[in-house]
Amino acid sequence: MTPSPTQTEERTAPPAGPGAAGPAADSAADSAAAEGTPPEESTATQPAEEQEPVQDAVFDLQDVSVRYGSFIAVGDITMKVPRHQVTAFIGPSGCGKSTLLRCLNRMNDLVPGASVTGELIYNGENVYAPDVDPAEVRRRIGMVFQKPNPFPKSIYENVAFGPRLNGFSGDLDGLVQQSLERVGLWSEVKDKLKESGHALSGGQQQRLCIARAIAVEPDVLLMDEPCSALDPIATLKIEDLIHQLKSTYSIVIVTHNMQQAARVSDRTAFFSVNIDDHQGMRTGRLVEYDRTTKIFNNPAQQRTEDYVTGRFG
Amino acid sequence: MSVITDQKPQDPPPGLRSRKRRRVADPAFRWFVTITGTSVFIILAAMVVRTTTEAWPIFQHQGFFGFLTGDRWVSGGSRSDDPADFTGVYGAWPFIYGTLVTALIAIVLALPLALCIAFYINQLAPRRLRKPLSYTVEMLAAVPSIVFGMWGLFWLVPNVLRPFFEWLESWAGGFFLFEGPVFGPGYLAAGIVLAIMILPIITAIVREVIAVNPMDQQNAAYALGATRFEVMRKVILPSSFSGIVGASMLGLGRAVGETIAVMMLIGSTKSWDSSLLQRGDSMAALIASLFKEATPEGVRGLMAIGVALFLFTMVINVAARLLVWRIGRVAGDAAV
C-alpha cells in the first residue's frame, strides 16, 4: 500500500542544518496559519538526524515524560507538532501514544496519580505552568474520543453545549448549523435537530462529536483513535473530514491503523515500548518522527520499518 | 497433543430430554417464585382492605373530606361500629400538616446537602478518604431512630436549635411560618432532625448513581473546557436525574413514615398552628402515641389516619414517577 501524500510538496533532500529548512517544505501550512506567530527557529536542540524540522510548531515538547505514580508511561519525548497539518501517532499497544495525546490538553489531569514532567509549550506558553487553567487549555485544544460519546441530549444541544459553556453570546443557531455543515452532517440531521444524539448511527455520532468539538472554535483537535469503532465507510468520511479540517485546525491523531496514518497525516511519529529488564518497567519512547511519506517509504530506524511493514507489533 | 484416537466411540451423548432431577426441581422452583412474587399484591391488598374497612365508619361519620380537612380531634368512647353512635370528632388536618411540613423541611435541607456530600466523596475527596467517608455515611444510616430522637431532644434542641429558633423568631417572627412563641420541640425541630436522619440514605444512593455516570460523557465535557463544577451540573446531574429523584423518594418515604424520633421532637399537641416553630403532631406519631389507650372508636379513628398516611405516600410515589417521566425526558436521562 503506497501512502498518498496529501500535500504535493516536492520531496527535496532533507535539510541537514537547523533553521535552514527550505521554505517550500511547510509552505502550505505556513500560508494558512502564521497569525503573528514567529517562525520557529529553535530547532538547534534537535538531534542532527535526518529529520525535516517543523517550521511552525503549535506544540513544542521538550523531554516530556508522563508518569502514573512511579510508573513512567511515556518518557523523554522531544518533538514539535506542526500547525495546520495532521500529525499521526502510531505504535503498538501500550507505547504511550494515547497517554501523550491526552497530556497535550491536560486530560491526564483527571487520571489520579498522573504527572507530567518536561516542557510542553503550546503557542509559546507552557501548558503545565502553575497558573494555567486546564479548562481553558481544553477549550483551545479540543478532543475527539475513541468511542463516539454524544451527550444524551438532542443533536442541537450536543453542538450548543460547548458554546453555552463558554458563555457564547451570538447566533447560536447559526453556529450550530455552521458546525454541523463543516462535518457534513447538516443535510442529514437538519430536520431532526431536536432528536437525541444517540439516535444517530455510529459514524454520524462521531461526526456529531467532531462538530461539538469544533463549535467552541478550538485551535487544535486531538483525535484518539476516532475511527476504531466505525465501519469502513464511516471511517472514510471521517478521514475526508480530517483533510478538510486541517486548513483551520492543527490535528493530532492517534491511530492503530497504519493505512489510516498514511492516508491522513502529514507527519507521523512512531512510538514503541522499551522494556527495562531489571525492573520490568515498560516505557513508551518516541522512535522516529518525520514526514509521513518518509516514515512509510524510507524510515531511518529499523524498528520503524519493521513496524510499518508489519513484521513487528 | 494428538487428537487421533483409536478408541471405540463413547456412549452416545445424552438425549435432548431433560434429566429427572430438573424435571422436578424446575417447575417447583417456578411455582415457588411465582407465589412469592405475586404475594406482594396479596399483602398490599390485605392491608388496604383491612384498614379501610376498619376506618370506613369514621369516614361515614365525618365524611371523607371532612376527615381530611377537619382540625379537631377528640376521641369518642363508643364500642359500636355504627357511625351514628360515634361521639368523637375526627379531623386529620393538623397531622397531615405535621407530616407534610416535617417531611418537606427534611427533604429541602437534606437533598442539597446529600448532593454536595456525594459529589465531594466521588469527585473531590482525596482517594484514601473516599472509602472511610462512604462507610461513615452508611453507618450513619444504620443509627436507630430512637437514638436520633434522644440526641435531638436532649442535646440538639436545647443547645443549638432553641437559640436558632429564638433568633429566627426575633428576625422573621412577623411571617406566618415563623411566629412565636418558641418552645424548642415543634415542626421545625422535628424536620431538622429528620433531615439528618434521611441524609445518609439519600447520600449513599446519590453517590452510587453519580459513580456509575459514564466517564466518556464527563470526558467529553471536560474536553470542551468544562470545570469540575460544570461537569457536575451539566453532565452528571441531568443524566442522574431519575436516580436522584428515586433517592429523594426513599428519603421522603422515611421522613413521612418516621415515628419515634418525630414523636419525641414534634411536641405532640392535637391543636393546629401553621407556624413551623409551633408544636404539633404527625400522622405516624399520633398513631404511635394514641393507640395504647384508644377506645374501639378511637382505634377506628387511628385506622383512618393510617389510610390517609398510605394515600399520602401513594400520591408522593405517583408524583415522583410523573416527575421522572416528564423532566427526565427533557433533561436527557438515559434511564428514561
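# Reading a predicted two-chain model

Guide: Buried residues, meaning those under 20% relative accessible area, make up 41% of the 336 residues in chain B. This is a predicted model, in which local features need pLDDT of at least 70 and side-chain atom pairs count only at pLDDT 80 or more, while totals for chains, interfaces and linings use all residues. Residues are numbered from 1 along each chain as its sequence is written, chains are lettered from A and ligands numbered from 1 in the order in which they are written, and side-chain values use heavy atoms, with hydrogens and water left out.

Visitor: What share of the residues in chain A is buried?

Guide: In chain A, buried residues account for 55% of 313.

Visitor: How many helices and strands does chain B have?

Guide: Helices (H or I, at least four residues) and strands (E, at least two) are DSSP runs, numbered from the N terminus. Chain B has 12 helices and 2 strands. Its pattern along the sequence is α-α-β-β-α-α-α-α-α-α-α-α-α-α. Chain A, for its part, has 11 helices and 10 strands.

Visitor: What radius of gyration does chain B have?

Guide: The radius of gyration is taken over C-alpha atoms, and the globule rule is 2.2 Å times the number of residues to the power 0.38. A compact globule of 336 residues would come near 20 Å, but chain B has 27 Å. The C-alpha trace of chain B spans about 95 × 60 × 40 Å along its principal axes.

Visitor: Which contacts in chain B join residues at least 24 apart, and what is their share?

Guide: Contact means heavy atoms within 4.5 Å. Of the contacts in chain B between residues at least 6 apart in sequence, 74% join residues at least 24 apart. For chain A, residues 24 or more positions apart give 70% of the contacts with a separation of 6 or more.

Visitor: Is Ser274(B) buried or exposed?

Guide: Ser274(B) counts as buried because its relative accessibility is 19%. Ser274(B) sits in the loop between α10 (260–265) and α11 (283–290) of chain B. Apart from neighbours within four places in sequence, Ser274(B) is in contact with Tyr97(B), Phe176(B) and Leu177(B).

Visitor: What area is buried between chain A and chain B?

Guide: The size of an interface is often given as the accessible area lost when the parts come together. Buried area is thus the accessible area (1.4 Å probe) that two parts lose on being put together, summed over both. Between chain A and chain B about 1800 Å² is buried, and carbon and sulfur atoms give 64% of that area. In chain A, Leu110(A), Pro152(A) and Leu165(A) lose the most area to chain B, together 30% of what that side buries. In terms of contact, 26 residues of chain A meet 20 residues of chain B.

Visitor: How many salt bridges are counted between chain A and chain B?

Guide: A salt bridge is a side-chain nitrogen of Lys or Arg within 4 Å of a carboxyl oxygen of Asp or Glu. Between chain A and chain B the count is 1. Asp216(B) pairs with Lys147(A), and the closest N and O atoms are 3.6 Å apart. Elements giving two or more residues to the side of chain A that touches chain B are α3 (134–140), β6 (141–144), α4 (155–165) and α7 (202–214) of chain A. The largest share of that side, 4 residues, comes from α4(A).

Visitor: Where do Arg83(A) and Asp56(A) lie in chain A?

Guide: A search of the whole structure finds 14 salt bridges over all chains, and one of them joins Arg83(A) to Asp56(A) at 3.0 Å, N to O. Arg83(A) lies in the loop between β2 (71–82) and β3 (86–90), and Asp56(A) in the loop between α1 (27–32) and β1 (57–68), 27 residues apart. Arg83(A) is buried, with a relative accessible area of 3%, and Asp56(A) is buried at 8%.

Visitor: Which helix of chain B holds Arg162(B) and Glu166(B)?

Guide: Both lie in helix α5 (residues 145–172) of chain B, 4 residues apart, about one turn of the helix. Arg162(B) and Glu166(B) form a salt bridge, with the closest N and O atoms 3.2 Å apart. Arg162(B) is partly exposed at 31%, and Glu166(B) is partly exposed at 37%.

Technical notes. Buried < 20%, exposed > 50% of the residue type's maximum accessible area, 1.4 Å probe, protein only.
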